[in-house]
Amino acid sequence: AESGVPQLVQPMIWDYAADLDVEGKVHLIEKYRRCGFSKVWCASAFKGATGVNQSLTLIGHHLKNHLQWLKVASSSPPDVLEGIALTGWQRYDHFSVLCELLPVAIPSVAVCLQALKNGGYSEEIKENVEKLLGMSNLETDTFMR
């Protein structure tokens, strides 16, 4: 706090796990607050981050991650979270093959954005995404066919 860094930067907490530790993230946010940081960001992923050679997006994994981040947000002071960065990883490092190209991840980003916008996910939201994307059956627990 004495360094002045908290007035210059806003930390970002990254976690792409479907079962991220909500309580642990809330404690981490509280720790940042005690160190003088008034705002904290979180980062999720709508594609990538599930395997170096992943070629298809498992929407359910990313949806669960976003639902966990919503729990973190609702368990944190209302003014501390500045926002969420939805990342879409293309590769794990510069020497790796590409993973999940954007076209196969469009349904995932649509589902994740709608879940964040609506504060959760429901059959109605699923139907809305299907309508927006012109899809007859949006699969979240298996790979899209």
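Me: Ser 44, buried or exposed?
Reply: Ser 44 is buried, its relative accessible area being 0%, where buried means under 20%, exposed over 50% and partly exposed in between, with a 1.4 Å probe and protein chains only. This is a predicted model, in which local features need pLDDT of at least 70 and side-chain atom pairs count only at pLDDT 80 or more, while totals for chains, interfaces and linings use all residues. Residues are numbered from 1 along each chain as its sequence is written, and side-chain values use heavy atoms, with hydrogens and water left out.

Me: Which strand does Ser 44 lie in?
Reply: Ser 44 belongs to strand β2, residues 40–47; helices (H or I, at least four residues) and strands (E, at least two) are DSSP runs numbered from the N terminus.

Me: And which side chain has a polar contact with Ser 44?
Reply: The side chain of His 66 does, at 2.6 Å, a polar contact being a pair of N or O atoms within 3.5 Å; within protein, one must be able to donate a hydrogen and the other to accept it, and residues adjacent in sequence count only if both atoms are side-chain atoms.

Me: Switching topic, how many disulfides?
Reply: The count is zero, taking a disulfide as a pair of cysteine sulfur atoms within 2.5 Å. Cys 35 is in none, and the nearest cysteine sulfur, in Cys 42, is 18 Å away.

Me: Okay, how many salt bridges in the whole structure?
Reply: The search finds four, a salt bridge being a side-chain nitrogen of Lys or Arg within 4 Å of a carboxyl oxygen of Asp or Glu. One of them joins the side chains of Lys 25 and Asp 15, at 2.8 Å from N to O. Lys 25 lies in helix α1 and Asp 15 in the loop between β1 and α1, so the pair ties together parts ten residues apart in sequence.

Me: What does Lys 39 form a salt bridge with?
Reply: Its partner is Glu 82, with the closest N and O atoms 3.7 Å apart. That pair links distant parts of the chain, since Lys 39 is in the loop between α1 and β2 and Glu 82 in strand β3, 43 residues apart. The side chain of Lys 39 also reaches the backbone oxygen of Asp 79, at 2.6 Å.
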